[in-house]
Amino acid sequence: MVELKEDERLDYLLADESMQIIQSPAVFSFSIDAVLLANFARIPLKRGKILDLCTGNGVIPLLFSKKTTATITGVEIQARLYDMAKRSVDMNQKEAQIQLIHGDLKDMPARFGNNKFDIVTVNPPYFQTEKKSHQNKNDYLTIARHEILCSLDDVVQACSKLAKSGGKVAMVHRPNRLVEILTLFKQYKLEPKRLQFIYPKKGKEANVLLIEAIRDGNPDLHIHPPLYVFEQNGEYTKELSEIIYGQKI
């Protein structure tokens with residue numbers, strides 16, 4: 001039986017109820033952004049090595065493990081989140097496939113050296129927040145959401161160093177950082193290949209972007225059709241329902 005701490009709870013990972021994950025409203029609960037990134041990223045299905053930075057409670061490695069036999073490594077800097085991820089991986093008996101590292105993504109290029117990855121995924125902190133008053137009062141959420149321990153530059157540079165030449169980097173972020181993301185990708189030899197905007201519903205501005213680049217790739221950017229999360233009546237769209245409840249993950 002899995003040990004739960006403080007206000008932790010067990011949630012089903014997806015609707016098929018085949019896997020569970022440890023969550024906490026005060027520490028970390030995964031969002032739709034992680035599910036979207038796991039669906040968007042093109043991962044090797046049998047052989048290869050996958051790295052997930054800012055892994056949180058391990059949601060993306062666990063989602064990936066449902067559709068690949070490749071080895072998966074997750075990196076998380078917050079000890080409490082790392083512990084939640086480790087217990088979730090053990091609970092789902094995925095420890096032979098998923099390795100978790102408690103560490104700083106900025107230290108990973110030196111740690112892995114020439115041991116590069118086929119794909120690196122990352123759901124990084126989104127917000128540049130200089131004023132303390134604009135940060136979350138909860139330190140766990142502040143670190144997860146705000147660029148306190150790493151900047152976007154740190155994230156992109158680490159991804160570039162960890163992906164093999166011809167390997168992929170897939171990121172979820174906010175549209176208002178798109179120009180900065182593209183500039184940094186180019187700076188660190190990551191050629192943008194796929195881009196998709198996610199909208200809360202039709203008539204609203206995009207509030208999430210998904211982007212994939214290839215290390216040392218040639219220029220050839222494809223813009224995917226928009227994805228809408230909700231219908232006007234507040235229900236999930238058919239496309240989003242397929243991602244959450246269907247066979248894509």
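**Close-up 1. Strand E8 and its pairing partners in the predicted model.** Strands E8 and E11 pair in the parallel sense over 2 bridges, where two strands count as paired if DSSP finds at least two bridges between them, and strands (E, at least two residues) and helices (H or I, at least four) are DSSP runs numbered from the N terminus. Within this pairing, Tyr 199 stands opposite Tyr 228 in E11. E8 is also joined to strand E10 (residues 222–223) by 2 bridges, and these strands run parallel, whereas the pairing of E8 with strand E9 (residues 208–215) is antiparallel and extends over 8 bridges. Of the 10 residues of E8 (residues 190–199), 9 are buried, so the strand is largely enclosed by the rest of the structure; buried means under 20% relative accessible area, exposed over 50%, and partly exposed in between, with a 1.4 Å probe and protein chains only. This is a predicted model, in which local features need pLDDT of at least 70 and side-chain atom pairs count only at pLDDT 80 or more, while totals for chains, interfaces and linings use all residues. Residues are numbered from 1 along each chain as its sequence is written, and side-chain values use heavy atoms, with hydrogens and water left out.

Close-up 2. Arg 194 stands opposite Glu 212 in E9, and its bridge partner in E10 is His 222. Glu 212 also forms a salt bridge with Arg 194, the closest N and O atoms being 2.9 Å apart, a salt bridge being a side-chain nitrogen of Lys or Arg within 4 Å of a carboxyl oxygen of Asp or Glu. This pair links distant parts of the chain, with Glu 212 in strand E9 and Arg 194 in strand E8, 18 residues apart. Both Glu 212 and Arg 194 are buried.

**Close-up 3. Helix H3 and the residue that follows.** Helix H3 (residues 79–91) has 13 residues, which at 1.5 Å a residue should span 18 Å, and its end C-alpha atoms are 18 Å apart, in agreement with that value; the expected span is 1.5 Å times one less than the number of residues. The buried residues of H3 are Arg 80, Leu 81, Met 84, Ala 85, Arg 87, Ser 88 and Val 89. Just after H3, Gln 93 takes a positive phi of about 55°.

Close-up 4. The side chains of Arg 87 and Glu 8 meet in a salt bridge (2.8 Å, N to O). Arg 87 lies in helix H3 and Glu 8 in the segment before strand E1 (9–12), so the pair ties together parts that are 79 residues apart in sequence. Arg 87 and Glu 8 are both buried. A further salt bridge joins the side chains of Lys 86 and Asp 90 (3.3 Å, N to O), and these two residues both lie in H3, 4 residues apart, about one turn of the helix. Lys 86 is partly exposed, with a relative accessible area of 33%, and Asp 90 is likewise partly exposed, with a relative accessible area of 33%. The structure holds 15 salt bridges.

**Close-up 5. A nonpolar surface patch around Tyr 236.** Phe 230, Tyr 236 and Tyr 245 make a nonpolar surface patch of about 300 Å². Patches are made of residues with over 30% relative accessible area and no salt bridge, like charges being joined within 9 Å and nonpolar side chains (Val, Leu, Ile, Met, Phe, Trp, Tyr) within 5 Å. Tyr 236 is found in the loop between strand E11 (227–228) and helix H8 (238–245), and is partly exposed, with a relative accessible area of 35%.

Note on methods
Accessible areas come from the Shrake-Rupley method with a 1.4 Å probe; for residues, only the protein chains shown count as cover.
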